[in-house]
Amino acid sequence: MRMGMIGLGRMGANMVRRLLAAGHECVVYDRSADAVRALDGAGAQGAASTTELVRALPAPRVVWIMVPAAFVDPVLAELRPLLASGDVLIDGGNSNYRDDLRRAGDLAGAGLRYLDVGVSGGVLGLEQGYCLMVGGERAAVMLAEPLFATLAPGGGRPAAGGPAGAAAAAAGYLHCGPSGAGHFVKMVHNGIEYGLMAAYAEGLNLLAHADAGLAAQTADAETAPLANPRFFQYRLDLAAIAELWRHGSIVSSRLLDLAASALAADGKLAQFAGHVADSGEGRWTVEAAIEVGVPAHVLSAALYERFASRGRAEFASKLLSAMRLGFGGHIERKP
């Protein structure tokens, strides 16, 4: 199948490489000429502009956009006058599903079909495949299905059972529903990811402090003492434990694989400051939970922890110290 890809960052470029390896023809464009040249050398057809990309595609055209969410609307505005009725536009970035509803409606007025596709797999997707969550009209999904089938991991694992849709999803891609459904599912997927990552981080952090009883215990009025030091005298090999959990444990996962790899490289994680970003999906997940009245305790706490990691709790902590000083004369201990 011949398709166009706009946006050749970490995800877009590797997706093109996976498609090329399976025999698809890809016309590619990016603002970075170096990124275009790199894929041109790998077998893709480089384009110097979106106009050139569109002209190189047969009708009905399929153009996949892999750019940050803030740039999707400008790219769509640039493409809209270049395309014809029946063409398909795919947004594979992490857009807000509410924007998908607006875009699909606007583009339908010009006869253009819009699919929102949540893509999970990261830098490992080139070799292992991508999990694809698709929203939009079924006819457009069917037109682009050869791309989805190639990008997805394939049926390497048996289906867990259940309805026909669940069995079909074992290939690694699923038409989740109408416009917005793909990015809605991906939004919640990323909210869950926040919670899972926080659980690993908190659990391994507790293991890292399992030797607290070996430290000299000093008594003071400002810190609750360790009641039973003899219960916390374990110097544990976190890298070995994380590796152990990868084999046969119910908590094994790709995220644990990444944690184990990082700990094996440097058990102190010295290259990281611990300032954890959030790109939006976690916030949108919590907002959606609030709107529909669904409890999301873990996902909310994981999001707030990311805020705190970036110093957003510092003022509150200072105010706590100020109040303790005021009512009890408690002097703040410096770290």
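Before I show the first pair of helices, let me say that axes are lines fitted to C-alpha atoms, for helices over the stretch in contact, and that angles run from 0 to 180 degrees between N-to-C directions. Helices and strands themselves are DSSP runs, a helix being H or I with at least four residues and a strand being E with at least two, numbered from the N terminus.

What you see is a predicted model, in which local features need pLDDT of at least 70 and side-chain atom pairs count only at pLDDT 80 or more, whereas totals for chains, interfaces and linings use all residues. Residues are numbered from 1 along each chain as its sequence is written, and side-chain values use heavy atoms, with hydrogens and water left out.

I will start with the whole chain. The protein chain has 14 helices and 8 strands, and its C-alpha atoms fill a box of roughly 75 × 45 × 45 Å, taken along the principal axes. Of its 335 residues, 37% count as buried, where buried means under 20% relative accessible area, exposed means over 50%, and partly exposed lies in between, for a 1.4 Å probe and protein chains only. If we take the contacts with a separation of 6 or more, residues 24 or more positions apart account for 64% of them, and contact here means heavy atoms within 4.5 Å.

Now to the helix pairs. Two packed helices are described by the angle between their axes and the distance between the axes. Helix α9, residues 181-208, packs with helix α10, residues 238-245, at an angle of about 140°, and their axes are 10 Å apart. Why do we call α9 and α10 oblique to each other? Angles under 35 degrees count as roughly parallel, over 145 as roughly antiparallel, 65 to 115 as roughly perpendicular and the rest as oblique, and α9 and α10 are therefore oblique. Their crossing is right-handed; a crossing is right-handed if the near helix is turned clockwise from the far one by less than a right angle, and left-handed if anticlockwise. On the α9 side the contact is made by Leu204, Leu207 and Ala208, and on the α10 side by Leu238, Ile241 and Trp245. By class, the residues of this contact are 6 nonpolar, no polar and no charged, where Ala, Val, Leu, Ile, Met, Phe, Trp, Tyr, Cys and Pro count as nonpolar, Asp, Glu, Lys and Arg as charged, and the others, Gly among them, as polar.

The next pair is helix α12, residues 281-292, and helix α13, residues 297-309, whose axes come within 10 Å and cross at roughly 140°. These two are therefore oblique to each other, and α12 passes α13 in a left-handed crossing. Gly282, Arg283, Thr285 and Val286 of α12 meet Leu299, Ser300, Leu303 and Phe307 of α13, and the residues of this contact divide into 4 nonpolar, 3 polar and 1 charged.

Met15, Arg18 and Leu19 of α1 make the contact with Leu147, Thr150 and Leu151 of α7.

Is aspartate 87 buried or exposed? Aspartate 87, in the loop between α4 (72-79) and β5 (88-91), is buried, with a relative accessible area of 1%. Its side chain reaches the backbone nitrogen of alanine 84 at 2.8 Å, which we read against the definition of a polar contact: a pair of N or O atoms within 3.5 Å, where, within protein, one must be able to donate a hydrogen and the other to accept it, and residues adjacent in sequence count only if both atoms are side-chain atoms. Leaving aside neighbours within four places in sequence, aspartate 87 is in contact with Pro60, Arg61, Gly111, Leu112 and Arg113.

Arginine 61 lies in the loop between α3 (50-55) and β4 (62-65), and at 17% relative accessibility it counts as buried. The side chain of arginine 61 reaches the backbone oxygen of valine 54 at 3.3 Å.

Finally, proline 178 sits in the loop between β8 (173-177) and α9, and at 60% relative accessibility this proline counts as exposed. Proline 178 and glutamate 137 are 41 residues apart in sequence and 5.8 Å apart in space, C-alpha to C-alpha.
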